Amino acid sequence: MPVTTHLIYFSPTSTTKMIVEQIAEGIGDTSVAHHDLTRLKGGLDLRLDDGLAVIGVPVYAGRVPEICLERLGGLSASGVPAVLVVLYGNRAFEDALIELRDVAVAKGFTAIAAGAFIGEHSYSTTTQPIAAHRPDPADLAKAREFGWLIARRLRAGIGLAMPVIPGDVPYRERPPLGGVAPETDPGLCTLCGTCAALCPTFVIKVDDRVLTSAEGCLKCCACTKGCPAGARTLHHPTVETRCEMLVNQCSERKEPALFL
Ligand SMILES: Cc1cc2nc3c(=O)[nH]c(=O)nc-3n(C[C@H](O)[C@H](O)[C@H](O)COP(=O)(O)O)c2cc1C
Ligand code: SF4
Ligand code: SF4
């Protein structure tokens, strides 16, 4: 068994992080090193020559978010085994997992297992819930079981085969970000600064009011979900139409899919 499990993840609303942590829990028997890309200025500068990597990203528009590619820019490995994880909001993960495999292989990893898990959708609210409160205990148990299966294969020395992963190449087109960002209700805002501290792209500034530079906003909703005063909301016709579609068409529970 590798001595160290490296958890490498981008996770604005923490659902991806929860899953990779539970996978590590299931793997057990190794020390765990966290490489959190979420607010990592300049990206990751890491060369791995041994250990095991678990690489987790959310799914944005059926793809690996572009910002993850940027933050992973300085990562490389020499054949180190990697477990690939995508987290999606109960719609679809489409080409994200196969794209993550290609990224990992190009960086010198050996993909040995992959999983698509479900987390509360970024756009989910109390009035329009989409996969609310997921990952739930059943999802977390599945992630631990996945880790346990991977460890068992590694111990038996049968863990190095590349799994067959669904998805299309060339990948689906990535839509532009759109210049849309959450807004702040000055009547509710206490200027506490939590939103700025959570924002993965550092586009929020708080002094005598909250200013958001919409061009760099991912619509990840870390700021809306994390605002203790409920002062930040994402209102835009495109997002509202999307939310309605998600509530109407993606409410049926999807289950994690494991590839190994
Ligand atoms: C811009 C954007 C695009 C998204 N696209 C998808 C998608 O294509 N399919 C899906 O099921 N969920 C989609 N989601 C939801 C996220 O994949 C989901 O909320 C994820 O769990 C967030 O991960 P995190 O908690 O680690 O930040 C999208 C979210 C955002 C913000
Ligand atoms: S987290 Fe909410 S209350 Fe705090 S500064 Fe941001 S918008 Fe205002
Ligand atoms: S401003 Fe945009 S990128 Fe920053 S936390 Fe809020 S939704 Fe995410």
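1. Which of the 15 residues around ligand 3 come nearest? They are Cys 199, Cys 217, Leu 218, Cys 220 and Cys 223; a residue counts as near a molecule if one of its heavy atoms lies within 4 Å of it.

2. On the basis of the note: this is a predicted model, in which local features need pLDDT of at least 70 and side-chain atom pairs count only at pLDDT 80 or more, whereas totals for chains, interfaces and linings use all residues. Residues are numbered from 1 along each chain as its sequence is written, chains are lettered from A and ligands numbered from 1 in the order in which they are written, and side-chain values use heavy atoms, with hydrogens and water left out.

3. Ligand 3 takes up the space of the largest cavity. A cavity is a set of points, on a 1 Å grid over the protein atoms alone, where a 1.4 Å probe fits but cannot get out; a molecule sits in one if more than half of its atoms lie within 2 Å of its grid points. The shell around ligand 3 comprises eleven nonpolar, two polar and two charged residues. In this scheme Ala, Val, Leu, Ile, Met, Phe, Trp, Tyr, Cys and Pro are nonpolar, Asp, Glu, Lys and Arg charged, and the others, Gly among them, polar.

4. Cys 199 has a relative accessible area of 7% and is therefore buried (under 20% relative accessible area, 1.4 Å probe, protein chains only). Cys 217 is likewise buried, at 7% relative accessibility.

5. How many disulfides are counted? The count is zero, a disulfide being a pair of cysteine sulfur atoms within 2.5 Å.

6. There are two aromatic pairs (Phe, Tyr or six-membered Trp rings with centres within 6.5 Å; planes under 30 degrees apart are stacked, over 60 edge-to-face, the rest tilted). Tyr 88 and Phe 93 form a tilted pair, because their ring centres are 5.4 Å apart and their planes stand at 55°. Both Tyr 88 and Phe 93 are buried.

7. The rings of Phe 117 and Phe 146 also form a tilted pair, with centres 6.0 Å apart and planes at 50°. This pair links distant parts of the chain, 29 residues apart: Phe 117 belongs to strand E7 (residues 110–118) and Phe 146 to helix H4 (residues 137–156). Helices (H or I, at least four residues) and strands (E, at least two) are DSSP runs, numbered from the N terminus. Phe 117 is buried at a relative accessible area of 0%, and Phe 146 is buried at 0%.

Notes:
1 Å grid on protein atoms, 1.4 Å probe; cavity = no way out; pocket = protein on both sides within 12 Å on 5 of 7 lines; lining within 4 Å. Buried < 20%, exposed > 50% of the residue type's maximum accessible area, 1.4 Å probe, protein only.
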